Amino acid sequence: MLRWMKSIFATLLNNRSTQASAEDSLSEVEEVSAMKPIVSSFCLVNGGYYILVTLNRFWTESGQGLVLMASLSALTMLAGFYFYFFWLKSARRVYQLNIASLTINFLLYLNPVVFQSLHFDSDRLVYFVFLALVFATTGVSLRVVIPSVSLCIFTVAWLKHQHHAPMNADNVGLVALILPLTAFLTYIVRQTLLRAVKARVIAEKLRVEAQSMADSDVLTGLPNRRSFFQVMEAALAGVGIGQKPFHLALIDLDGFKPINDIYGHSVGDALLIEVGNRLRQVCGELAFAARMGGDEFAIILYGDTAPAELDGFGTQLCDALRDTYFLGSVTAHISGSVGFVRCASGQFTPSQLLERADYALYFAKQNLRGAPVVFTDKHEAEMRDFSQVDQALRTSDLDAELSIMFQPQVDVIESRTISFEALARWNSRKLGSVRPDIFIKAAERSGLITQITLILLEKALKQVRDWPAETRVSFNLSARDLRSGISITNICKAVRDSGIDPRRIEFEITETAMLTDFEQACEALARLKAMGCRIAIDDFGSGYSSFSYIHRLPVDKIKIDRSFVVQLLQHSSALKIIKTIIDLCRNLNLDCVIEGVETQSEMNKLAQIRARYIQGYLFSRPMLAEEVLPYLHNEAARGQTALKAV
């Protein structure tokens with residue numbers, strides 16, 4: 001017997017540190033959540049059981065015994081129900097469970113004590129052993145179990161002594177076993193519960209982490225696209241039932257990709273993390289910011305924000321994104337374009353709302369890069385037009401409906417046309433004649449532009465075969481053409497298949513197309529240049545001109561935008577700027593074409609600075625393909641007449 005008891009105590013001692021570790025790893029809230037169901041059930045069971053006991057007292061007791069025993073049974077019943085229905089419902093601390101457990105234990109103990117004082121029965125002393133086991137398995141902690149069990153053991157011994165009942169070996173052994181056995185049971189129950197709770201806590205933490213990963217962007221910590229749509233749908237539902245309107249904003253970073261390509265993904269990731277931090281600072285409690293993917297972010301601005309406040313918020317947002325980024329040893333400069341749309345009713349679906357915000361963002365990137373733009377009724381009308389154009393483009397026979405017109409580029413020194421710019425035209429069977437700026441933008445947004453580029457290029461090259469060998473053609477490429485390796489491959493194939501000397505073909509790119517993905521643009525232009533084609537930068541000066549880009553690109557020609565020509569007669573600085581660009585081109589051995597010259601007065605100004613290559617209505621409007629050869633013949637005839645006159 002002693003050997004067995006030592007084994008039990010050794011087990012308890014050896015596992016003490018494990019138990020302490022398990023207990024320490026759980027917070028009091030978690031411990032309460034584990035033990036409260038046991039204490040609550042214990043109180044409820046006792047309350048129900050003592051209803052029967054109370055009724056039974058009226059059959060088994062009489063006189064003073066009936067009063068004492070029935071009152072005590074009723075008190076135990078009421079205490080059990082009180083603790084179950086009231087006390088434990090709001091219990092948040094372990095001591096509250098201990099109070100309930102000790103009180104019920106004391107009342108359970110008091111019932112047999114009073115009974116034994118009225119009707120001593122040696123055989124019924126085993127009831128105290130049963131109580132000790134119950135206390136051991138239902139106790140919240142040793143603070144409850146040890147005094148409760150010890151009291152039961154002491155009471156058995158005291159009652160035996162008080163009533164001179166014999167203490168045989170079995171009684172002594174039984175009493176001796178109660179304490180270690182109850183301690184062991186307490187340990188087993190508690191360890192089992194703590195492990196179960198710990199497993200549940202870990203599972204809950206993993207669930208929360210998994211939910212957080214599902215709803216959050218891993219890199220920036222902002223809510224992700226999935227979470228954003230949940231919030232936006234809730235906001236739309238709120239507007240639908242009369243809650244305040246809100247604004248949706250889409251943000252696209254300008255200049256992120258070159259930094260990511262040049263310095264690597266680690267710097268790009270650091271930049272995106274800092275962007276996320278700045279969005280949090282600007283939004284605060286006013287707005288919900290999320291990362292949609294890549295370098296695109298979205299914001300839901302709560303409340304019916306006034307136009308002036310919205311403009312201030314948008315400006316603050318753009319200013320924050322424009323500030324210098326210090327990323328270790330790298331200093332980066334980017335900006336962010338923002339498109340806002342207001343939602344004041346539930347008439348829009350999330351996709352329709354995003355489409356309008358995206359249109360405002362597209363407008364910002366095309367016209368006000370690094371600035372906020374709010375979607376307006378004018379944009380709504382334009383978007384409907386674009387939608388119609390987009391649908392017509394997708395369902396039309398583009399090969400039959402697209403055509404080319406040509407506008408000459410003239411060498412005014414030699415009085416001859418050196419090249420023709422190919423200009424796209426679309427005469428839709430559904431919509432009639434559609435302006436180039438409209439259908440080209442629609443095609444760029446839809447991705448159809450690469451298909452249209454190939455159709456138009458093949459048509460242009462087919463016409464060039466019949467031109468004089470010294471006459472070139474200039475053809476415009478879009479940003480999507482430059483970003484698509486497949487598109488560039490198809491363009492190179494079309495040039496080779498045409499049989500035309502590649503040196504007669506000049507591909508024009510805009511500054512915007514070049515800066516969208518500079519490294520990819522360089523690679524695409526290098527492939528075209530390797531074939532022998534010439535490269536021109538179109539609309540130079542209208543965007544974000546950077547002379548540092550010129551020497552990095554295989555450029556043969558620069559075309560000065562008409563916006564400078566328009567100001568020639570009003571501002572003397574415009575002429576100086578044009579002269580500076582012309583001188584730069586001469587020093588770099590580049591051709592320089594001035595676009596949009598429409599009047600003789602403008603031409604006279606340009607003659608003062610020895611401008612040589614001119615394109616504009618002053619010499620010719622765009623002409624049909626079949627008009628090119630007659631135009632060249634007439635030009636040659638005029639030249640011959642001039643020579644004879646000399």
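**Entry 1: a helix pair.** I note at the start that this is a predicted model. Two packed helices are described by the angle between their axes and the distance between the axes, and I looked up both. Helix 3 covers residues 28-60 and helix 4 covers residues 63-87; their axes are 7 Å apart, at an angle of about 155°. That makes the two helices roughly antiparallel, because angles over 145 degrees fall in that class. I also checked the handedness, and helix 3 and helix 4 cross in a left-handed way.

Next I wanted to know which residues make the contact. From helix 3 I wrote down, among others, C43, L44, G47, G48 and I51. The helix 4 side includes M69, A70, S73, M77 and F81. Sorted by kind, the contact residues of helix 3 and helix 4 come to 14 nonpolar, seven polar and one charged.

**Entry 2: the cores.** Which residues touch the most other members of the largest nonpolar core? They are F228, L248, F406, F507, I594 and L606, in a core of 104 residues. Helix 17, residues 449-464, gives the most to this core, namely eight residues.

**Entry 3: F363.** I found F363 in helix 13, which spans residues 350-367. Is F363 buried, partly exposed or exposed? With a relative accessible area of 27%, F363 is partly exposed. Not counting residues up to four places away in sequence, F363 touches L368, V373 and H379. I also looked up V374, eleven residues from F363 along the chain: the two C-alpha atoms are separated by 9.5 Å.

**Entry 4: two positive phi values.** S415 has a phi near 55° and sits in the loop between strand 8 (402-411) and strand 9 (416-428). Its relative accessibility is 52%, so S415 counts as exposed. R610 is not a glycine either, yet its phi is positive, at about 60°. I placed R610 in the loop between helix 25 (600-608) and strand 16 (613-614). R610 is exposed too, with a relative accessible area of 59%.

Definitions and conventions. Residues are numbered from 1 along each chain as its sequence is written. This is a predicted model: local features need pLDDT of at least 70, side-chain atom pairs count only at pLDDT 80 or more; totals for chains, interfaces and linings use all residues. Side-chain values use heavy atoms; hydrogens and water are left out. Axes are lines fitted to C-alpha atoms, for helices over the stretch in contact, and angles run from 0 to 180 degrees between N-to-C directions. Helices (H or I, at least four residues) and strands (E, at least two) are DSSP runs, numbered from the N terminus. Angles under 35 degrees count as roughly parallel, over 145 as roughly antiparallel, 65 to 115 as roughly perpendicular and the rest as oblique. A crossing is left-handed if the near helix is turned anticlockwise from the far one by less than a right angle, and right-handed if clockwise. Contact means heavy atoms within 4.5 Å. Ala, Val, Leu, Ile, Met, Phe, Trp, Tyr, Cys and Pro count as nonpolar, Asp, Glu, Lys and Arg as charged, and the others, Gly among them, as polar. A nonpolar core is a set of buried Ala, Val, Leu, Ile, Met, Phe, Trp, Tyr and Cys residues joined through side-chain atoms within 4.5 Å. Buried means under 20% relative accessible area, exposed over 50%, partly exposed in between (1.4 Å probe, protein chains only).
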